[in-house]
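Hi! Here is the structure I promised to pass on. Have a look at it first, and then read my notes below.

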Amino acid sequence: MASVSVPAERPRGLLRRPTAITGLWSWFTTVDHKKIGILYGVTAFAFFIVGGTEALLIRLQLAQPDQNLISPGVYNELFTMHGITMVFLVVMPLSAAFFNFLIPLMIGARDVAFPRLNAFSYWAFLFGGIFIYSSWFLGGAPNGGWFGYAPNSVLDPTRGMTFYAIGLLITGIASTVSAINLAVTIINMRAPGMTLFRMPVFIWMGLVVQLLLAFSLPIITVGLVELLFDKRFGTHFFDPAAGGDPLLWQHLFWLFGHPEVYILILPAMGIVSEILPVFARKPLFGYQFVVFSGIAIGFIGFGVWAHHMFAVGLGPVANTAFGVSTMIIAVPTGVKIFNWLGTLWRGDIRFTTPMLFAVGFIAMFVIGGLSGVTHAVVPSDYQQTDTYYIVAHFHYVLFGGAIFGLFGGTYYWWPKVFGRMLDERWGKVQFWTMLVGFNLAFGPMHVLGLQGMPRRIQSYPESLGLTFWNLVSTIGAFVIALSVLLFIVSAVRSFRRPREMSADPWDARTLEWATSSPPPVHNFDEIPVVHALDEVWHRKYAETEGGRVVPVPAGGSGEGGRGAGAHAIHLPGPSYYPLVASLGLPIVGYGLIFGWWLVAVGLVVMVGGLYGWVLEPSAE
Amino acid sequence: MRRETLKVLGPLALTLIAAACAPNATQDSLRPAGPYAEKAHDLFVPVFWVAAAIFFVVEGLLVFFVWKYRHRKGREGIPPQVHGNTRLEIAWTILPALILAGVAVPTVTTIFDLAREPEGDVLNVDVLGHQWWWEFAYPQEGIVTANELHIPTGRPVYLRLCAVGLGYQQQVAPSECQPGPPEGAVPASLGDSVIHSFWVPELAGTQDVIPGRTNTMVLQADDPGTYTGQCKEFCGLSHAFMKFTVVAHTPEDFDAWVAGQRAPAAMPPGGTPAAAGAEILAGQCIACHAINGLQDANGDPILGSNNGPDLTHFASRECFAGCMLETNDENLRRWLDDPPSVKAGSWMPDYNLTPEQIDQLVAYLNTLR
């Protein structure tokens, strides 16, 4: 353990233990959960731009019938990379950004349980993403869809799907490590008094998501290893002629893939559950119901995977079971929506940008949820599966849901992270632009799917009558792009604004607002003692016996003043080794494709990194 | 917040409008043209209206609350801190569950209904999914066709669906699907087959076509006509161009069509361009194609292979190359000149045919009615 006030003694390790906690270089060695959170956020946003650009190219190709702007081969790479990017390199790491930055702050901890492991997770995710993207320059990007169905993915002559398998294995390592780290943090590192049922809903959703990750990633790992072996070593896991089964891949993929959907949406649900109470100025309606429905979604999410496979021919009994389980999962989802409505009821609603996104989330997610129920109606799904109706559905869930929620969270916690507000006027314009663009882009896809437009087709003939709505959808996609551009400008502008914020600009309710904005490197001068759910609110307000809410006079909360910080606070010191160890992963990956000697190099780097990590002096 | 209402309701309203007046869509799941497609549609429509009702209630409440309880200037103090209402919450847990139970009952009965094997007078057809075209074999009738499934109206058609790849002499498909005639041809093999999905939305829902499995489905058309369909499961480079049509005939017309398809192709008279075309075909194309009636100089039949579409009645089909192209001389010339440049990844290679050879082949193919 290093100390912020005591300089490190002469180190014994291979590399001198870094000490800088500011400056460019500190970003490479940091183990501070806040910096890692920012790294996750910036990286995921960069991938968001890339994945969005891929989407725009797809929409350009589909804007008119019978077009050939983009060849079928490149088109297949584009939609595959768009899916992989948005799922694994955008929504998951953006959620991880919020979890990393906020979990310790919201539970009153100084950092996560394993700070260096946290840095390792980030670097492994970054290298995994770069690894997958390097395939564009090394013989072609993955082209078998994000779902990578065998045997097509195995038989494809390019290296694309090998990059897919290895790249997702690397990001899977990152996610697994991070899931364990964050789950341990939530379970073990809560401030005194923060019982499980005093945890903010966002933390609860964080815990559920980490557990979903920890249990679902091993399943996809099995599938990816088998795919890699089929592609590189001539095994026949998915080859029916040799006794394998193509359906094995589908079961493995969706048994991961459906919990994955909840891994993507629950963080946004947690964010919305934090934003609504603050701006409705009321506690979350039915906190325990919301928490338990989140847990229920997590559990039932493991029992619905074959609803992605209704047309596979599993038979009427299996289709019935999975149709019904899919309907059941709609119940806890509905509970959440009603509880959010209950939160708004009789509130005093202030329409800040975060609140707009949170309300937009509810409005859009309801559409995605309802169209989801129509898929559970199995015979109707026989028609809709693999059409644009499905594309519309999951974009209403993952864009109208997850992305709206994450944007809301970005606006809400921006002042916490950077000590500066995002401009509210720009924010509102951005919200409305995004809402309009989103509905123009994805609303028409419901129609297109029902009218017979299958997914993943590079072009469609004019005779099918799909032209008009495809054009509208393309226009909508560019409106979304404009909205994202507005956000970028607004984000840049925010750094030109003065740091004049109070520590609690939204009159918020949870613990992260009890410290300064941005928080000091040690988060809290004194670890807070928690007395209630919505601790910070209770420090500011009290309810009289008549139910009237009155402000508590400053200093009257019994919480005492801030500690002077005169005593030394122990913090983990920065380290090179997470970066070094994770760098070994993509090298091993390239080795599996290009030559065994590279595998050896990668292993040396990785083991060397872990060795240095273990022996790193704590510099006390 | 009214503007938001419009934006939220917009897509739904548009869906309804488009559903009502889709002018020229011919692959439209909202226009079922047979009992099996109708069963799915009859389920979708009421569920859609239930969903629409819930949509209006929930979005209506949302808009009403954000309007009614918006912060107004001059409003001081903090609203009462309501933490929840257990009775209300139990109610809105049970109510959706009841609605869903109501939806589940017809869902389950229809699932089993659609899975039943049809009885009585049934037409059996084997559907073989290739990369990227469809082969249709009629085991009882002893005929085979490509990209065009011909069926009689008013009679259930029971399909067995198999995925097949490029054929190899040694391998025989372990699936139950019968590879099509001609007799003695090399059977199609599992080879490097991939997953496809058979979908003709106006006649039935989707069924995946999976290597190593034999799936089944039923479709039926009420009226004569042409219904288009296409592969729905991503199957590689030219997935977008794996289309087909279903041509429904009256029973009498269907019998006549079968009789026509049974007839072997006649050899063109010697010395014509068509005869020269037949010779080129017999020399190269039979590595993958077959023509019932193709003879060598001694009048002995030339056996082909069914890696590629059977060409015996090629010119009777409206489209070719997975229905990517309409059958006409211009398209045929383009195709024969360099297939992979027309259809990405096509297994039919560029044979560097001269324009003269192409003309001869086109002349011969046009005789195959």
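**Notes on the two chains**

B:W132 sits in the loop between strand 1 (123-130) and strand 2 (133-138) of chain B. (Helices, H or I with at least four residues, and strands, E with at least two, are DSSP runs numbered from the N terminus.) The peptide bond leading from B:Q131 to B:W132 is cis, with omega near -5°.

Before you go on, a word on where this comes from: it is a predicted model, in which local features need pLDDT of at least 70, side-chain atom pairs count only at pLDDT 80 or more, and totals for chains, interfaces and linings use all residues. Residues are numbered from 1 along each chain as its sequence is written, while chains are lettered from A and ligands numbered from 1 in the order in which they are written.

Chain A has a cis bond too: the peptide bond from A:A150 to A:P151, with omega near 0°. You'll find A:P151 in the loop between helix 4 (115-134) and helix 5 (152-155) of chain A. For background, most peptide bonds are trans, and most residues other than glycine have a negative phi.

A:D66 is not a glycine, yet has a positive phi of about 55°. A:D66 lies in the loop between helix 2 (33-62) and helix 3 of chain A. Is A:D66 buried or exposed? A:D66 counts as exposed because it has 10 C-beta neighbours inside 10 Å. (The cut-offs, with C-beta atoms placed from the backbone: buried means 20 or more other C-beta atoms within 10 Å of a residue's own, exposed means 12 or fewer, and partly exposed is in between.) B:N147, in the loop between strand 3 and strand 4 of chain B, also has a positive phi, near 65°. B:N147 has 22 other C-beta atoms within 10 Å, so it is buried.

Now follow chain A into helix 3 (residues 72-107), which has 36 residues. From first C-alpha to last, helix 3 reaches 50 Å, close to the 52 Å expected at 1.5 Å a residue (that is, 1.5 Å times one less than the number of residues). Where is the kink in helix 3 of chain A centred? Look at A:T85, where the kink is about 35° (the bend is the angle between axes fitted to the seven residues ending at a residue and the seven starting there). Helix 3 is mostly covered, with 34 of its 36 residues buried. After it comes A:G108, with a positive phi near 75°.

Chain B has eight helices and twelve strands. An open sheet of five of its strands runs in the order 3-2-1-5-8, with mixed pairing (two strands pair if DSSP finds at least two bridges between them). At its edges are strand 3 (143-146) and strand 8 (215-219), each pairing on one side only. Strand 5 (residues 157-163) and strand 8 of chain B pair in the antiparallel sense over five bridges, and B:R160 stands opposite B:T216.

Elsewhere in chain B, five bridges join strand 4 (residues 148-152) to strand 10 (residues 243-249), and these two run parallel. B:L149 faces B:V246 in strand 10. Four of the five residues of strand 4 are buried.

Finally, the contact between the chains takes 85 residues from chain A and 87 residues from chain B (in contact means C-beta atoms, placed from the backbone, within 7 Å). Helix 10 (residues 316-344) gives the most to chain A's side, with 15 residues.

Definitions and conventions:
Contact = placed C-beta atoms within 7 Å.
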